[in-house]
Amino acid sequence: MKKSKIILLAGILAWTSPILAHDEGHGPKLADTGNYGGVITAVVESKDASKGIQAPLVYKAELTRSDDGTVRVYVYDKMMKPLPADTLDKTAS
């Protein structure tokens with residue numbers, strides 16, 4: 001009987017997980033198009049991430065994926081001018 005309750009609970013959690021998901025992202029909505037055909041996203045400070053679309057924009061980033069599976073991130077300023085890689089931290093959270 002205990003096993004059936006676990007299976008029921010797992011089924012409920014699996015069914016409700018899409019309800020808990022969100023796709024708004026963290027930061028303002030952007031209408032820019034990528035220079036390399038990728039997806040443009042807002043880069044905000046982690047302390048502001050909970051503000052959603054009200055979070056102040058720090059940078060814009062373009063995420064691309066090539067046919068061989070290589071993922072690249074291009075970072076731009078607010079005007080979509082590329083930032084030199086040597087001016088950025090090598091890690092992010």
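Glu62 touches Gly34, Asn35, Tyr36, Gly37, Gly38, Val39, Ile40, Arg72, Val73, Tyr74 and Tyr76, leaving out residues up to four places away in sequence. Contact here means heavy atoms within 4.5 Å. The model is predicted: local features need pLDDT of at least 70, side-chain atom pairs count only at pLDDT 80 or more, and totals for chains, interfaces and linings use all residues. Residues are numbered from 1 along each chain as its sequence is written, and side-chain values use heavy atoms, with hydrogens and water left out.

Glu62 belongs to strand β2, which spans residues 59–65. Strands (E, at least two residues) and helices (H or I, at least four) are DSSP runs, numbered from the N terminus. Glu62 is buried, yet no salt bridge is assigned to Glu62. Buried means under 20% relative accessible area, exposed means over 50%, and partly exposed lies in between (1.4 Å probe, protein chains only). A salt bridge requires a side-chain nitrogen of Lys or Arg within 4 Å of a carboxyl oxygen of Asp or Glu. The nearest side chain of opposite charge to Glu62 is that of Arg72, 11 Å away. For charge, Lys and Arg count as positive and Asp and Glu as negative, while His and the chain ends are not counted. The Glu62 side chain instead reaches backbone nitrogens. That of Gly38 lies at 2.8 Å. That of Asn35 lies at 3.1 Å.

The protein chain has one helix and three strands. From the N terminus on, the order of elements is α-β-β-β. Of the 93 residues in the chain, 16% are buried. Among contacts between residues at least 6 apart in sequence, 32% join residues at least 24 apart. The accessible surface comes to about 7,600 Å², and carbon and sulfur atoms account for 59% of this area. Accessible areas come from the Shrake-Rupley method with a 1.4 Å probe; for residues, only the protein chains shown count as cover.

Tyr59 also lies in strand β2. Tyr59 counts as partly exposed because its relative accessibility is 30%. Beyond its neighbours within four places in sequence, Tyr59 is in contact with Thr41, Ala42, Val43, Val75, Tyr76, Asp77, Leu83 and Leu88. Tyr59 and Leu83 are 24 residues apart along the chain, and their C-alpha atoms are separated by 9.2 Å.

A search of the whole structure finds one aromatic pair. Tyr36 and Tyr74 form this pair, which is stacked, with 4.2 Å centre to centre and 20° between the planes. The pair links distant parts of the chain, 38 residues apart. Tyr36 sits in the loop between α1 (2–20) and β1 (39–43), and Tyr74 in strand β3 (residues 71–76). Rings of Phe, Tyr and Trp (its six-membered ring) pair if their centres lie within 6.5 Å; planes under 30 degrees apart count as stacked, over 60 as edge-to-face and the rest as tilted. Tyr36 is exposed, at 53% relative accessibility. Tyr74 is partly exposed, with a relative accessible area of 25%. Both Tyr36 and Tyr74 are among the residues that Glu62 touches.

The structure holds three salt bridges. In one of them, the side chains of Asp32 and Lys60 meet at 2.5 Å, N to O. This pair links distant parts of the chain: Asp32 lies in the loop between α1 and β1, Lys60 in strand β2, 28 residues apart. Asp32 is partly exposed at 30% relative accessibility. Lys60 has a relative accessible area of 7% and is therefore buried.

Asp48 takes part in salt bridges with two lysines. With Lys51, the closest N and O atoms are 3.2 Å apart. With Lys47, the corresponding distance is 3.8 Å. Asp48 is buried, with a relative accessible area of 7%. Lys47 is exposed, with a relative accessible area of 59%. Lys51 is partly exposed, at 44%. The shared partners join Lys47, Asp48 and Lys51 into one network.

Met80 lies in the segment after β3. Its phi is near 65°, a positive value in a residue other than glycine. Met80 is buried, with a relative accessible area of 15%.

Methods: A polar contact is a pair of N or O atoms within 3.5 Å; within protein, one must be able to donate a hydrogen and the other to accept it, and residues adjacent in sequence count only if both atoms are side-chain atoms.
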